[in-house]
Amino acid sequence: MPRHFDAIIIGTGQAGPALAARLAAGGMAVAIIERHEFGGTCVNTGCIPTKTLVASAYAAHVARRGPEYGFAVNGDVRVDMKRVKERKDEISGRSNKGVEEWLRGLKNCTVIQGHARFQTSHTVVVNDDVLQAEKIFINVGGRASVPAMPGIQDVPFLTNSSMMDVDFLPEHLVIIGGSYIGLEFGQMYRRFGSEVTIVEMGPRLIGREDEDISDAVRQILEVEGIQTKLNAKCISLAKRNSGIAVGIGCDEGPPEVVGTHVLLAVGRIPNTNDLGLDRAGIATDQRGYIVVDDQLQTNVSGIWALGDCNGRGAFTHTAYNDYEVVADNLLGGDHRRVSDRIQAYALYTDPPLGRCGMTDVEIRKSGRAALAAKHPMSRVGRAVEKGETQGFIKISVDAETKHILGAAILGTGGDEVVHVLLDVMYAKAPYTVIQRAMHIHPTIAEFLPTVLSKLEPFA
């Protein structure tokens, strides 16, 4: 006999637990299903463990710079990778356990472990259980993409997930993919002590960013000894003695690079291929993402898709915002839309990149009149005091409305400071609100009014 619930949630990633709690608190009988680890990508293989590793790498980096700051470390700074992994596992595991305990302690919420597949549009089968609900929320996340490049079946390789099991120091880590995940792991492992080469098919790193940001990030990485190979048009893999040869076919330099380990960081795909979506009549796009409207409803009434599987954002914060949109609309009678949110994210290299709103390229395409200003971190007092002067602050505003169009803060604290600008954008207030504000000295944020006082016509 089918078990009936008011709502079924498939997946315990960022959007799922909060939605379960809110629906259950509203008196609904909720079933939430998890096939693997509670908490999804962020908790287990994404944000929390990787930023924990970034913190270890940063500590080692600063220790090596001891003489600059006036202290000495006896002997070389060596990283204990087993201890690094233990610290990561402890912090990540605490979050994983916390999510599971939270869900199991919710009144009106039933936790079911197993792989869920649709039988009909409102019937889901998990193990031998048949579950039915009028409302179903798909929150199944994504995974690393493994493209069918030549030789991929003949060599071992790592992904962002399997990197979580590494408790040793690769002698030479070759990273295929010069975007956000690849750059974070690249700098991290260079600071741990590995030789690192980043191979990118495009003409520059993080190709979605403006060229000045790509160039600055590349320089920052190369100063630390990371090799970058761009325009790698014909990537292939092959065994080579005790290592792995990555054919790169670059326009410049040797045709291949040989490393001891290879990390694939070439994008992600949604976990939608084994859900039985066709039996429910749920539409997906050509890449497998579930098609949703501006309020995250699928083409099937009573079914929503949240998080990475809907293609409307690939971040923990966008997944959580998905939950807020759906819950407020369903339970609060609101009319929130995904299109109301402003693009914002960070790249967690050191220094980090905080980004919000439009890029320069997008502003040019819009054709609107704009003003812009750019300020080097080497002229920001707080950055100088910390000895972290790489990067810059860049802000663009609409010349007519005075609203902030976009900003990039590549520099120490950039991932935090960018929220000052983001909140004013959400408030739809003119940039002069920040320009005339009194900020605390000495901080990075105190320079935002200074930068905004130097706006010039957008080039």
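Trainee: Which residues of helix 7 are buried?
Mentor: The model is predicted: local features need pLDDT of at least 70, side-chain atom pairs count only at pLDDT 80 or more, and totals for chains, interfaces and linings use all residues. Residues are numbered from 1 along each chain as its sequence is written, and side-chain values use heavy atoms, with hydrogens and water left out. Helices (H or I, at least four residues) and strands (E, at least two) are DSSP runs numbered from the N terminus, while buried means under 20% relative accessible area, exposed over 50% and partly exposed in between, with a 1.4 Å probe and protein chains only. By that criterion, the buried residues of helix 7 are Ile213, Ser214, Ala216, Val217, Ile220 and Leu221.

Trainee: Within what arc do the buried residues of helix 7 fall, seen down its axis?
Mentor: An α-helix has 3.6 residues a turn, so residues three or four places apart point the same way. The arc is taken from the directions between the helix axis and the C-beta atoms. The buried residues of helix 7 line one face of the helix, because they fall within an arc of 165 degrees.

Trainee: Which residues on the other side of helix 7 are exposed?
Mentor: The buried residues of helix 7 pack against helix 6 (180-192), strand 9 (195-199), strand 17 (344-347), strand 18 (353-357), strand 20 (392-398) and strand 21 (404-410), where contact means heavy atoms within 4.5 Å. On the other side, the exposed residues are Glu211, Gln219 and Val223.

Trainee: How far apart are the end C-alpha atoms of helix 7?
Mentor: The expected span is 1.5 Å times one less than the number of residues. For the 13 residues of helix 7 (residues 211-223) this gives 18 Å, and the model agrees, because the end C-alpha atoms are separated by 18 Å.

Trainee: At about what angle does helix 7 run to strand 20?
Mentor: An open sheet of six strands has the order 17-18-21-20-19-22, with antiparallel pairing; two strands pair if DSSP finds at least two bridges between them. Axes are lines fitted to C-alpha atoms, for helices over the stretch in contact, and angles run from 0 to 180 degrees between N-to-C directions. Helix 7 lies across strands 17, 18, 19 (370-376), 20 and 21, and its angle to strand 20 is about 170 degrees.

Trainee: Is Ser396 buried or exposed?
Mentor: Ser396 lies in strand 20. Beyond its neighbours within four places in sequence, its contacts include Asp360, Leu371, Gly406 and Phe458. Its relative accessibility is 3%, so Ser396 counts as buried.

Trainee: Which strands stand at the edges of the four-stranded sheet?
Mentor: That open sheet has the order 10-9-8-14, with parallel pairing. One side of each edge strand is left without a neighbour in the sheet, because each has a single partner; these are strand 10 (227-229) and strand 14 (261-264).

Trainee: Which residue of strand 10 is the bridge partner of Val199?
Mentor: Strand 9 and strand 10 run parallel and are joined by three bridges. In strand 10, Val199 has as its bridge partner Lys229.

Trainee: What separates the C-alpha atoms of Pro254 and Lys229?
Mentor: Pro254 is in the loop between strand 12 (243-247) and strand 13 (256-259). Although Pro254 and Lys229 are 25 residues apart along the chain, their C-alpha separation is 9.8 Å.
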